[in-house]
Amino acid sequence: MRRKGRTFSAGSKARVALEAAGDAATPYDQATAIEAYLRTLNYSTDISAPPRGRDAVDYFLFDSREGYCNYFSSAMVVMVRSIGIPARVVAGYAPGTYDFE
């Protein structure tokens with residue numbers, strides 16, 4: 001697949017991003033289309049870690065197709081950045097137990 005003079009391999013995150021974005025005209029519409037694509041994957045907190053040496057986002061998108069919030073946010077950012085949309089992951093909370101004291 002080619003876009004703006006670049007070629008993307010069949011298993012690349014950019015190719016999936018371009019396919020998900022379809023013919024969306026604006027960066028916002030492209031990001032919204034990618035978000036909709038990611039919503040087709042399964043959310044689960046009970047998952048196995050990616051195999052050693054394997055890129056976590058690749059594993060999430062192409063193999064396991066399930067993950068929790070960090071997987072979805074990482075995939076979203078990597079995919080939109082791969083097609084030229086500026087983005088970053090920001091996390092403000094961490095899992096844990098509430099301390100009532």
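**View 1. Ser44 and what touches it.** Skip the neighbours within four places in sequence, and Ser44 is left in contact (heavy atoms within 4.5 Å) with Glu66, Gly67 and Tyr68. This is a predicted model, so local features need pLDDT of at least 70 and side-chain atom pairs count only at pLDDT 80 or more, while totals for chains, interfaces and linings use all residues. Residues are numbered from 1 along each chain as its sequence is written, and side-chain values use heavy atoms, with hydrogens and water left out. Ser44 sits in the loop between β3 (42-43) and α3 (56-64); helices here are DSSP runs of H or I with at least four residues, strands are runs of E with at least two, and both are numbered from the N terminus. With a relative accessible area of 17%, Ser44 is buried. For the cut-offs, buried is under 20% relative accessible area, exposed is over 50%, and partly exposed is in between, using a 1.4 Å probe and protein chains only.

**View 2. The whole chain, for orientation.** The protein has 4 helices and 4 strands, and reading along the sequence gives β-β-α-α-β-α-β-α. Of its 101 residues, 31% count as buried. Among contacts with a separation of 6 or more, 47% come from residues 24 or more positions apart.

**View 3. Where helix α1 crosses helix α4.** The axes of α1 (residues 13-21) and α4 (residues 69-82) come within 8 Å and cross at roughly 85°. That makes α1 roughly perpendicular to α4. Axes are lines fitted to C-alpha atoms, for helices over the stretch in contact, and angles run from 0 to 180 degrees between N-to-C directions; under 35 degrees is roughly parallel, over 145 roughly antiparallel, 65 to 115 roughly perpendicular, and the rest oblique. From α1 the contact uses Lys13, Ala14, Val16 and Ala17, and from α4 it uses Val78, Met79 and Ser82. By class, those residues split into 5 nonpolar, 1 polar and 1 charged. Here Ala, Val, Leu, Ile, Met, Phe, Trp, Tyr, Cys and Pro count as nonpolar, Asp, Glu, Lys and Arg as charged, and the others, Gly among them, as polar.

**View 4. Ile83, in the segment after α4.** At 17% relative accessibility, Ile83 counts as buried. Not counting residues up to four places away in sequence, Ile83 touches Ala14, Ala17, Leu18, Ala21, Gln30 and Ile34. Pro27 is 56 residues from Ile83 along the chain, with 9.2 Å between their C-alpha atoms.

**View 5. Thr32 in helix α2 (residues 27-38).** Thr32 is partly exposed, at a relative accessible area of 33%. Ala21 is 11 residues from Thr32 in sequence, and C-alpha to C-alpha the two are 8.0 Å apart.

**View 6. Arg65 and its backbone angle.** Most residues other than glycine have a negative phi. Arg65, not a glycine, has a positive phi of about 55°. Arg65 is in the loop between α3 and β4 (66-67) and counts as partly exposed at 33% relative accessibility.

**View 7. The largest pocket and its lining.** About 150 Å³ of space lies in this pocket, and its lining consists of Cys69, Asn70, Ser73, Val89, Val90, Ala91, Tyr93 and Pro95. By class, that lining has 6 nonpolar, 2 polar and no charged residues. On a 1 Å grid over the protein atoms alone, a pocket is an open set of points where a 1.4 Å probe fits, with protein on both sides within 12 Å along at least five of seven lines, and lining residues have an atom within 4 Å of a point. Grid points are joined across faces, edges and corners, and the volume is the space filled by probe spheres set on the points.
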